Amino acid sequence: MIKIKKNVLFHITNEYPTFSKSLKKIADYILSNTAQPQYLSIHQLADICDVSESSVFRLCQILGFNGYKEFKYALAEANSATLTDGGIEAYAEILPEDSFGEMAKKLFAYNVASINQTLQLIDKEAYCQAAKHLKAAKHVYCFGQGASGIMAQELWGRFITVSSNFSYITDPHLQTIVTANCDKDDVIVLFSYSGATQDGPRLLSEAKIRGAKTILITHYRKSFASEFADIILLCGSRETPKQTGSIAAKMAQLFVIDLLFNEFYRLDPIEAEEAIKRTSVAMETKLLHENSKK
């Protein structure tokens with residue numbers, strides 16, 4: 001199992017949307033070269049990022065550190081997260097010269113780290129409240145674009161095994177139409193890893209105007225979309241622009257879906273179990289049997 005403490009690298013990604021241009025340059029370098037900054041002086045880091053030393057110091061303060069030395073110590077701790085059985089770094093870069101086995105171990109570490117981070121970010125009250133909203137809703141609409149749309153479909157596919165009140169809307173125009181006609185008895189669940197795509201904030205804003213409950217599943221608590229969400233469920237996994245739609249990010253979101261589903265299930269286990277039995281019986285007719293070969 002990967003051991004991850006309160007990770008400064010994750011803290012950087014969580015605060016990233018609020019950073020100024022100069023702070024983002026520093027953050028981009030740190031997140032792309034996680035092992036190097038801990039060995040650099042404040043002058044060297046500022047020079048590499050083409051920013052002032054005061055910008056580096058300001059980043060340290062924003063992240064809650066008294067100075068650069070304390071910040072570097074936190075970076076060293078963050079980079080010490082390894083697999084206990086193989087010493088593989090959680091965010092080790094995959095290199096062309098890696099063997100297939102080395103590549104597999106690095107991907108394994110990355111994927112497990114994303115779930116571990118999500119576990120640390122769990123807000124019990126948020127999940128409980130979200131499940132209650134879903135249970136009480138007349139209708140639940142699952143939204144997302146691109147890779148996030150795939151995750152919205154995953155949530156829909158999981159929940160229709162226990163409720164017929166869930167719908168997955170793929171087309172952004174249809175999402176707009178549905179949102180314009182929702183009401184206080186509806187819930188909008190939006191997947192947006194960045195929380196900064198153009199459609200997300202607009203959809204949640206319109207839903208709130210209509211009185212619907214809004215649930216956002218994202219990596220960033222402080223994002224454009226989060227301003228219009230009643231409930232925010234955070235997923236782990238650091239993702240750079242070159243890793244958009246990564247499997248690790250999806251695994252983190254699948255874990256969120258599973259947590260939400262099981263909390264929903266626990267609200268009325270008898271009803272949920274009956275629904276799952278009906279689903280199982282219905283799906284049995286889809287399976288091939290020995291007699292079907294004749």
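Author: Happy to. Let's begin at one pair of strands: β4 (residues 213–218) and β5 run parallel and are joined by four bridges. To find this pairing by eye, look for Leu-216, which stands opposite Ile-232 in β5. Please keep in mind as you look that this is a predicted model.

Now step back to the whole sheet. Five strands form it, the sheet is open, and its order is β2-β1-β3-β4-β5, with parallel pairing. Which strands stand at the edges? They are β2 and β5 (231–234); each has a single partner strand, so one side of each is left without a neighbour in the sheet. Neighbouring strands here are turned against each other by 20° on average, if direction is ignored.

A helix packs on this sheet too: α11 (residues 247–267), which touches β2, β3, β4 and β5. Its direction makes about 125° with that of β5.

Strand β2 covers residues 166–168, and Ser-167 is found in it. The side chain of Ser-167 is joined to that of His-139 by a polar contact of 2.5 Å. Leaving aside residues up to four places away in sequence, Ser-167 touches His-139, Val-140, Tyr-141, Cys-142 and Trp-156.

For a view of two helices, turn to α1 (residues 8–15) and α5 (residues 68–78). They pack with their axes 8 Å apart, at an angle of about 110°. Angles from 65 to 115 degrees count as roughly perpendicular, and that makes α1 roughly perpendicular to α5. On the α1 side, Val-8, Leu-9 and Ile-12 take part, meeting Phe-71, Ala-74, Leu-75 and Ala-78 in α5. By class, this contact of α1 with α5 has seven nonpolar residues, with no polar and no charged ones.

How confident is the prediction? The mean pLDDT of the protein is 87, and 89% of its residues reach 70 or more. Confidence is highest in strand β3 (residues 186–191), at a mean of 98, and lowest in α1, at 81. Two stretches call for care. Over residues 1–5, pLDDT stays under 50, and the model has 21 contacts for them beyond four places in sequence. Residues 81–85 also have a pLDDT below 50, with 18 contacts in the model beyond near neighbours in sequence. Where pLDDT is low, the predicted coordinates should not be read in detail.

Methods. Residues numbered from 1 in each chain as written. Predicted model: local features only at pLDDT ≥ 70, side-chain atom pairs only at ≥ 80, totals over all residues. Heavy atoms only, no water. Polar contact = N/O pair within 3.5 Å; in protein donor to acceptor, adjacent residues only side chain to side chain. Contact = heavy atoms within 4.5 Å. Axes fitted to C-alpha atoms, helices over the stretch in contact; angles between N-to-C directions. Parallel < 35°, antiparallel > 145°, perpendicular 65-115°, else oblique. Nonpolar A, V, L, I, M, F, W, Y, C, P; charged D, E, K, R; others polar. pLDDT = per-residue confidence, 0-100. Pairing = 2+ DSSP bridges.
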